[in-house]
Every structure is written in C-alpha cells, then in structure tokens.
Amino acid sequence: MSSDITRKLVLGAGAALAVSATLYACVATGSKGGNLVTGDAASAVYVPPGSYDEYYAFLSGGYSGQISVYTLPSGRLIKQIAVFSQFPETGYGYDENTKDMLRTSYGFVPWDDSHHPELSQTDGVPDGRWIFINGNNTPRVARVDLSLFETTEILELPNAAGGHASPFTTPDTKYIVSATRFSVPVPNTDVAIDTYKKNFKGVLSFISADQPGKMDIAFQILMPGYNYDLAHAGKGPSDGWFFFTTYNTEQAYEKLELNASKNDKDVIAAVDYHRAEACVKDGKARSMPVKYAHNFKDEATHIAKSELKTSVKVLDPRDCEGVVYLLPTPKSPHGVDIDPSGEYIVASGKLATVIPVHSFSKMKKAIADKAYDGDVDGIPILQYTATIAGEVQKPGLGPLHTEFDGKGNAYTSMFISSEIVKWKLGTWEVLDRIPIYYSVGHLMIPGGDSKQPWGKYLVSLNKITKDRYLPTGPELAQSAQLIDISGDKMKMLLDFPTIGEPHYAQALPAEVLKDKQVKYYQLSENRNPGVVKAESEGGITRSGKRVDVKMAAIRSHFAPDNLEGVQVGDTVYFHVTNIEQDWDIVHGFAVLGANNAELILAPGATRTLKWIPQAPGVYPFYCTDFCSALHQEMQGYVRVSPAGSNVPLTANISKKTLAQMNGK
Ligand code: RUQ
Ligand code: CUA
C-alpha cells in the first residue's frame, strides 16, 4: 500500500464527510448483494423456544452508559445492566439505595459513556465472577457482580480525563487499568492550553480489583502528555507486563485530526508492573492530594455507600528505572492485543498500511541489549527493528482491533475498508476476509483476548447501520453481526441491533454463569434499617418533617396499604421489602407525583423511594410488575393533609404494632 493512500486516509480523516461518502458509496453497491449468508445460516442461529443459547455476551452500551446482555448465537437481548447512567426501568440511580453509586468528586453524575466490558480472569481465562467496564467522560471503573447481574462498585480515577484505555485486567484480576485519553495538567490547574508540552501529562492507573468492595488505586504512573488509547495485559511469558497504545506523540492540542497524524510512528508503552510495585514499596512514589469517589453496595443492607478518598501514589518513571519502555509503532495505533501464547503484541495503527506485530521475547532482548533509540522524559525508546516480529502486509484499510481464535489465527477489524481480516500468527499471511455492514469498530470472540479463546463465533461491533434495518428517523439502530469462524472461511450468520453504540464486548460459555445465579436475597440476612420481615412489621413513623413508611410487598398486596397523617411539607421515605422467597417473583412500587422513578424489588430486597407530596389529596401507589392474577389489585393510598393538620399518623395495621412503633 502506498504512502499515497496513507496520505489520503489522513486527509480523508480530515474531512470526515468525504470519508463516509466514499465509504457509503463503496458499501452501497455491495449491499444489494450484502446478504452473503449461506443457506444454513438460519438454522445455525435458531434457538428453538424453550432452549438456551450457548453464550452470554456483554456488550457495552456506549453513550447509554450501561451494559447490555445478549445470548449467542441467537442475538437475543436478555438484560440491560445499569452501570453509569440512571435507569428508570429499575429505579437504579434514582432510589435511596443506589443513587450514591453515581457520586463522584464532581457531585452526582447521572450519565457516562461506557466502552469496554472486561471479564475477570483466573489464570488468564474468563472466570465469570465479575465484569468490569469503564466510564469514559468522568473517568471511572465499575464492577458488575455476575451472580446478580448488578453493579456493585464504582471507583473514580483522579488525575485523568477520558478513561478510555480501561478496564483491562491482569490474568489474575489483581489489577485492572485505566489510562487517561486526554492528557491534562497534573494536578489539574489553570494554565494556558498552549503550554501543553510543558504542563500536560498522562497517567496510567493500576487499580487493585480482586477484593469486591475494596477497589482502589494501587498506584499511578506519570507519563508524557500523549493520548492513551487502549491496553492489554501480557500473559504466559509476558505476564507481569501491561501494554498501552498512544497516539498524538506530536503533543498537539488543537486540530488533532491533522496535527496528531504527522508522526510516522507513535508508541506502545510497555509497563513492568512488578517493577512498579517494587518502586512503590521502596517509597519511590509520591503521595498526591486528590479527590475521588469510591462507591460500593453494602451487601447486608443493600445500600450503596460513597466515600471520598484524598490521596493517591504517583510514580515518575524517572524515579524507577526499567518500569516503562516505549515501542515505536506505526501509525496512531488504536488497539493493542496480546495473542493467547503471550508472545505477540499486535498493534493496529489506524493510519498504518500494515499490521505491526511486536515480539515479547525480542522486546526483552532489546531491553537487555539496551537497543535504544533515545528516550522521552527518561523513558527508553526501543528500536523498532529490535522488537518487531513481523508485519501483516496489505491487510486492508484502517485496522483497529485484533482478537484470536486459539488456533493460531488472528482477526483484525478494518474500519475504513469495512471488513474483518483473518491472518496467521507467525507467518503473517492473510487467510480470509469478509465484508461487514458497515465500518466495524471492535470485534469480539468469546475469550478472544484471553489465554483460552472459545473460537467458534465472532461478533463484529459496527459503527454505521445504514440499510440493515427498517429506518427509524435520523438515528438508526446500532448494529452487530455474528460470524461463524469455526471453519477455514468466515461465514456471515446474523445481524442484530444493539442498545447504544456497541464499543467492545466480552462473552463466555453459558455454563460458566447459568448455575451460579442468585435466585433471591435471603430475608433472614437482610440488614437494611427499613426492612420488614413480616407484614405485621409494617407501619408509619414521623420525626419532625420526615415520615418513614415501612411496607411489605407480597402477592398481591402491600402491608400497610392505607396511610394517613402525612402533611404537605413532609418528606416521605417508602421502605419497601419484597418478603417473597421465591425466584423471579418481583414486585414494583410507584406513587403518584413522584419525581424520581419506581422501585423494582427482587425477592428479599428492601429499597427506599423518597417522595415529597406537593398538595393535599389522596395519592395512589401500586405494584409495577405484573406479579399474579391479582396484580391489578396490588395498590394502596396515601392521604396528604395540609401542613399543621391534626389527622393522626396511621397505617392500617394492628394498633398494638403501631403503638410499639411510636414508642408507646
Ligand atoms: S474504541 S472502535 Cu472506544 Cu474501544 Cu475501538
Ligand atoms: Cu406485585 Cu404486581
């Protein structure tokens, strides 16, 4: 491929419209014949009613901030997990239990942009304990417990802006990482933007992740002011190392599409994190005052707690020789992917004409030989020829990401030429290519970034939908495609729409998760202060202008279901417990005039809704989940009187219980 094309790409990138026009022109012809599925595709993805799929797949929700769960090969959506955005469907982020999950040093942040789900691993293999995902805009990482399919922890990352290279894991889940996309002044202060080169820095955060409820930043590494894009941990022989791609080694701060595309090569930063640990232990890192939130769900009370942390350890590579090396890599690399053996480091230069592959063993030798090409801020730059294992020639245009099938093959997404290219590790020859509709970003093979890929299917996570579905106004459904990679030739099987932009995804065999699902919370272990364990424990109490209602939900009524004595000016907290102990018997709670959302109550769970009545009247509440034949009967009333009225506070429960509750 000539540098001519590269130039065109750069210019094309400069004029995004031109690129998409060309792109569309080129796919539009293909799209008539775009249905390249073969006759048996339908049966390959058909899962008959009553049967299960083979895989769980977790797709990032992009700018929805959530994770959506699909099953493969059918491509059926079975769940959305609320992570970084409020989710009225369950009340997540609205109710008193979960809203502290969304606290940050910037206050309450009800939204984010989530890109990369990452399954926890044991010995380099996805183990189904947790899935992590990054928040991009307000840099954060979240832990989702995969026995609950629920977000249980969120950690904010200070000194960062744009938590994009995140949250990739080490093979033992000791650390997940998050690297800053936008370099910023560290600490962030009021400086002129044109002092970028002098004042702006990148940080790489290593987050200890193997203790649920205790995620924290083990240390940060201070880096040159580049843009850090993606990352992956080493494995096998390269276990102990982490690799980060960078672009904008030009350190441009305006018109990046041109000014950050000038250098022939950017770099991959290779971090020896055991070396970093040793330096931190030796007191080489300095403590920096910062502010960041750590939020986690208290398992006993089901209430999220938020704590503000105030210091982080920052390591300057100048104080820790051998902690980071830079590997020159063409050109504005996006993904960096380590093959299952741990030997090959595959970079995808968005603007490169080849796919360069570094060798870990050559990298180690280059370090031992000091085969350096200068340094940046004291970080040695290794010679390109000393680390490179090979280059895939003429792979296509715009390589972004690579995953592996565990049989010696690699698959790379080509954004500009809209295809997936299969090539062989070691010989670097292209074996097959398949067109994608359209413009693939990430691709995903279950376990495809781990030591043990389940190399049967590949999901292409696409950026532009155009004519794949019925049109729905200016914005079309987002799109993924399922490809069979079990044979020599890739076979297109299925299109399926996704929620939000699917960036990355992860998947694993259903067997790993299916039987470890929590069926209900044990009522006997529920330590929520508002819990009721029997209907007779329900009631209403007042403390000044605060009114607390404790209520049981059980098929098909609330207890109590008539409340009086609430006054305008009061703030009412409904603490509702689903006292059922039976799988999938969920109740809901909604009250007229509430300004937040409903509560969805799993069996054995207590959740709290805050309600501020505005005017005297009688307000109904009801169950929002069709729970039985008499679900429509599952309702009640709250009477609200004017401030100062003498209507006594009552709930229609036994007088004795009421007297006890009021301390009489
Ligand atoms: S990125 S299309 Cu946000 Cu993961 Cu590569
Ligand atoms: Cu409970 Cu409907």
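Is Lys255 buried or exposed? Lys255 counts as exposed, because its relative accessibility is 63%; the scale runs from buried (under 20% relative accessible area) through partly exposed (in between) to exposed (over 50%), with a 1.4 Å probe and protein chains only. Here are some notes on the rest.

1. Ground rules. This is a predicted model, in which local features need pLDDT of at least 70 and side-chain atom pairs count only at pLDDT 80 or more, while totals for chains, interfaces and linings use all residues. Residues are numbered from 1 along each chain as its sequence is written, chains are lettered from A and ligands numbered from 1 in the order in which they are written, and side-chain values use heavy atoms, with hydrogens and water left out.

2. Most residues other than glycine have a negative phi, and most peptide bonds are trans. Lys255 has a positive phi, near 45 degrees, and sits in the loop between strand 15 (241-247) and helix 5 (256-259). Helices (H or I, at least four residues) and strands (E, at least two) are DSSP runs here, numbered from the N terminus. Asn159 also has a positive phi, of about 65 degrees, without being a glycine. Asn159 belongs to the loop between strand 9 and strand 10, and it counts as buried because its relative accessibility is 12%.

3. The bond from Leu72 to Pro73 is cis, with omega near 10 degrees, and Pro73 falls in the loop between strand 2 (67-72) and strand 3. The bond from Ser166 to Pro167 is cis too, with omega near -5 degrees. Pro167 is placed in the loop between strand 9 and strand 10 (175-179).

4. The ligand site. Look at the histidines first: the residues around ligand 1 include His115, His116, His164, His334, His401, His442 and His503. Leu230, Leu400, Gly441 and Lys463 are also in that shell, where being near means having a heavy atom within 4 Å. By class, the shell has 2 nonpolar, 8 polar and 1 charged residues. For the classes, Ala, Val, Leu, Ile, Met, Phe, Trp, Tyr, Cys and Pro count as nonpolar, Asp, Glu, Lys and Arg as charged, and the others, Gly among them, as polar. Strand 26 (399-404) and strand 30 (440-444) each supply at least two residues of this shell.

5. The disulfide. A disulfide is a covalent bond between the sulfur atoms of two cysteines. With the cut-off used here (cysteine sulfur atoms within 2.5 Å), the count comes to 1 disulfide. Cys279 is joined to Cys320, S to S 2.0 Å. This pair links distant parts of the chain, 41 residues apart: Cys279 is in helix 6 (residues 273-281), and Cys320 is in the loop between strand 18 (303-315) and strand 19 (324-330). The torsion about the S-S bond of Cys279 and Cys320 is about 85 degrees, so the disulfide is right-handed. Both Cys279 and Cys320 are buried. Elsewhere, Cys623 counts as buried at 1% relative accessibility, and Cys627 is buried at 14%.

6. The largest pocket. About 1,600 Å³ of space lies in it. A pocket is an open set of points on a 1 Å grid over the protein atoms alone, with protein on both sides within 12 Å along at least five of seven lines, and lining residues have an atom within 4 Å of a point. Points are joined across faces, edges and corners, and the volume is the space filled by probe spheres set on them. The lining has 46 residues, with Lys79, Leu148, Phe149, Gln517 and Trp583 nearest the centre of the pocket. By class it has 23 nonpolar, 11 polar and 12 charged residues. Strand 3 gives the largest share of the lining, 5 residues.

7. Aromatic rings. The count comes to 31 aromatic pairs, taking rings of Phe, Tyr and Trp (its six-membered ring) with centres within 6.5 Å, and calling planes under 30 degrees apart stacked, over 60 edge-to-face and the rest tilted. The rings of Phe574 and Trp611 are tilted, because their planes are at 50 degrees, with centres 5.8 Å apart. Phe574 is in strand 39 (residues 571-578) and Trp611 in strand 42, so this pair ties together parts 37 residues apart in sequence. Phe574 is buried at 0% relative accessibility, as is Trp611 at 1%. Ring pairs also link Tyr175, Phe206, Phe219, Phe242, Phe244 and Tyr273 into a cluster.

Note on methods:
1 Å grid on protein atoms, 1.4 Å probe; cavity = no way out; pocket = protein on both sides within 12 Å on 5 of 7 lines; lining within 4 Å.
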